[in-house]
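Please open the structure in your viewer and keep the sequence panel beside it, then follow the stops below in turn.

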Amino acid sequence: MEVQGRISKILPKRTGKRSDGSEWRSQEFIVEFFETPDQRWSDKVLLSVMNDRIREYDIHEGDEVLIGFGHSVREYQGRYYNDLRI
């Protein structure tokens, strides 16, 4: 899936450890976009980038972007979460 829009907010980086002891890093950000040119209100999507790709993509608030992303669902302690990653 692709979205063309503007990065409106970058959230603080998060870090943690997997069950195997290896570390992970995540950077979440919000992309604001219009699905049609005449749409009055923008849509927003929360996306994330993981580990070495944080530095590779080097995103900044206000950047105009065309982003492709994938989606998955993960379960944690009986609850399910959407995960949208570029």
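In what order do the elements of the chain run from the N terminus on? They run β-β-β-β-α-β-β-β, which comes to one helix and seven strands, where helices (H or I, at least four residues) and strands (E, at least two) are DSSP runs numbered from the N terminus. This is a predicted model, in which local features need pLDDT of at least 70 and side-chain atom pairs count only at pLDDT 80 or more, while totals for chains, interfaces and linings use all residues. Residues are numbered from 1 along each chain as its sequence is written, and side-chain values use heavy atoms, with hydrogens and water left out.

Begin with the C-alpha trace of the chain, which spans about 50 × 30 × 20 Å along its principal axes. Of the 86 residues in the chain, 24% are buried, that is, under 20% relative accessible area with a 1.4 Å probe, protein chains only.

Next, select I7, F29, V31, L47, I67 and I86, which touch the most other members of the largest nonpolar core, a group of 14 residues; such a core is a set of buried Ala, Val, Leu, Ile, Met, Phe, Trp, Tyr and Cys residues joined through side-chain atoms within 4.5 Å. Colouring β1 (2-10), β3 (23-33), β4 (43-50) and β5 (64-68) then shows the elements that give two or more residues to this core.

Finally, centre on I7, which touches F29, I30, V31, I59, H60, E61, G62, D63 and V65, not counting residues up to four places away in sequence; a contact here means heavy atoms within 4.5 Å.

Methods:
Buried < 20%, exposed > 50% of the residue type's maximum accessible area, 1.4 Å probe, protein only.
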